[in-house]
Amino acid sequence: MTRSLLVLATTTWLVAASAHAGEQTASGVDEPPSRALLDALSRVMAAPDGFEDVFDAQVWLLDMQSRLARRQPKAYPSRPRRLALLERIHAEARRAGLPPELVLALIDVESRFQPAAVSSAGALGLMQVMPFWKAEIGRPQDDLHDIDTNLRYGCTILAHYLQREQGDWTRALARYNGSLGRTSYPEQVMQAWFSRWWVDR
């Protein structure tokens with residue numbers, strides 16, 4: 001989907017935004033996690049990867065680290081820390097088949113890039129992952145404040161919802177947030193994507 005089409009889609013359902021922390025639920029607003037999602041989480045909690053092209057990596061990392069420095073100067077005051085974080089975000093997003101810039105936008109909305117963030121509902125870390133996922137896939141030892149672990153959970157969950165919703169970002173993001181049927185949260189993420197993290201390709 002081109003940027004103009006994404007912008008058009010976004011503007012058709014823009015309403016007043018309110019702050020949300022990701023609150024995937026095991027019951028309530030959304031149905032319990034599917035076996036396919038639990039299997040996907042179990043599979044990916046084991047292997048590494050990264051950039052394919054060194055030049056592309058340098059361009060992307062330098063661009064995004066300067067944006068992150070402007071957006072969140074206190075949480076990541078040094079360039080090496082920003083670059084290390086961005087490298088992990090890129091790797092986990094690409095592993096899950098997601099645009100890394102969208103994952104940046106989601107993190108921006110969810111936690112403002114604070115790894116120790118905890119929502120009122122108990123969601124944890126950069127991507128505000130709910131702790132019940134650990135029990136669901138039989139990994140109670142996982143630390144959701146650990147950046148790599150949090151990113152792997154969050155990206156896998158979002159990618160599953162995107163596949164389930166056949167590429168519909170609005171519905172996938174709403175499922176991620178536990179607010180299916182409402183558009184406020186997807187609008188916030190898409191707005192952050194277009195206004196702060198977009199990259200023309």
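How are H4 and H7 oriented to each other? They are roughly parallel, since their packing angle of about 30° falls under 35 degrees. The views below come from a predicted model.

**View 1. The whole chain is built from helices.** The chain has nine helices and zero strands. From the N terminus on, its elements run α-α-α-α-α-α-α-α-α. Of its 201 residues, 49% count as buried. Among contacts with a separation of 6 or more, 65% join residues 24 or more positions apart.

**View 2. H4 packs against H7.** The axes of H4 and H7 lie 9 Å apart, at an angle of about 30°. The crossing of these two helices is right-handed. From H4, the contact draws on Leu 85, Arg 88, Ile 89, Glu 92, Ala 93, Arg 95 and Ala 96. From H7, it draws on Ile 147, Asp 148, Leu 151, Arg 152, Cys 155, Thr 156 and Ala 159. By class, the contact of H4 with H7 has eight nonpolar, one polar and five charged residues.

**View 3. H5 is mostly covered.** Helix H5 spans residues 100–111 and has 12 residues. From its first C-alpha to its last, H5 reaches 16 Å, close to the 16 Å expected at 1.5 Å a residue. In H5, 12 of 12 residues are buried. Pro 100 and Glu 101 are buried, and so are Asp 108, Glu 110 and Ser 111. The buried residues of H5 also include Leu 102, Val 103, Leu 104, Ala 105, Leu 106, Ile 107 and Val 109. The cover over H5 includes helices H3 (54–71), H4 (79–96), H7 (147–164), H8 (169–177) and H9 (184–197). Arg 112 follows H5, with a positive phi near 55°.

**View 4. H5 crosses H9.** The axes of H5 and H9 come within 8 Å and cross at roughly 120°. H5 and H9 are therefore oblique to each other. H5 passes H9 in a right-handed crossing. On the H5 side, the contact is made by Glu 101, Leu 102, Leu 104, Ala 105, Leu 106, Asp 108, Val 109 and Glu 110. On the H9 side, it is made by Tyr 185, Gln 188, Val 189, Ala 192, Trp 193, Arg 196 and Trp 197. Sorted by class, the contact of H5 with H9 has 10 nonpolar, one polar and four charged residues.

**View 5. H9 is largely enclosed.** In H9, 11 of the 14 residues are buried, so this helix is largely enclosed by the rest of the structure. Buried residues of H9 include Ser 184, Tyr 185, Pro 186, Glu 187, Gln 188 and Val 189. Met 190, Ala 192, Trp 193, Phe 194 and Trp 197 are buried as well. At 1.5 Å a residue, H9 should span 20 Å. Its end C-alpha atoms are 19 Å apart, which agrees.

**View 6. H5 also meets H8.** H5 and H8 pack at an angle of about 40°, with their axes 13 Å apart. That angle makes H5 oblique to H8. H5 passes H8 in a right-handed crossing. H5 contributes Leu 102, Leu 106 and Glu 110 to the contact. H8 contributes Trp 169, Leu 173, Tyr 176 and Asn 177. By class, the contact of H5 with H8 has five nonpolar, one polar and one charged residues.

Technical notes. Residues numbered from 1 in each chain as written. Predicted model: local features only at pLDDT ≥ 70, side-chain atom pairs only at ≥ 80, totals over all residues. Heavy atoms only, no water. Helix = DSSP H or I, 4+ residues; strand = E, 2+ residues; numbered from the N terminus. Expected span 1.5 Å × (residues − 1). Buried < 20%, exposed > 50% of the residue type's maximum accessible area, 1.4 Å probe, protein only. Contact = heavy atoms within 4.5 Å. Axes fitted to C-alpha atoms, helices over the stretch in contact; angles between N-to-C directions. Parallel < 35°, antiparallel > 145°, perpendicular 65-115°, else oblique. Left-handed = near helix turned anticlockwise from the far one by under 90°. Nonpolar A, V, L, I, M, F, W, Y, C, P; charged D, E, K, R; others polar.
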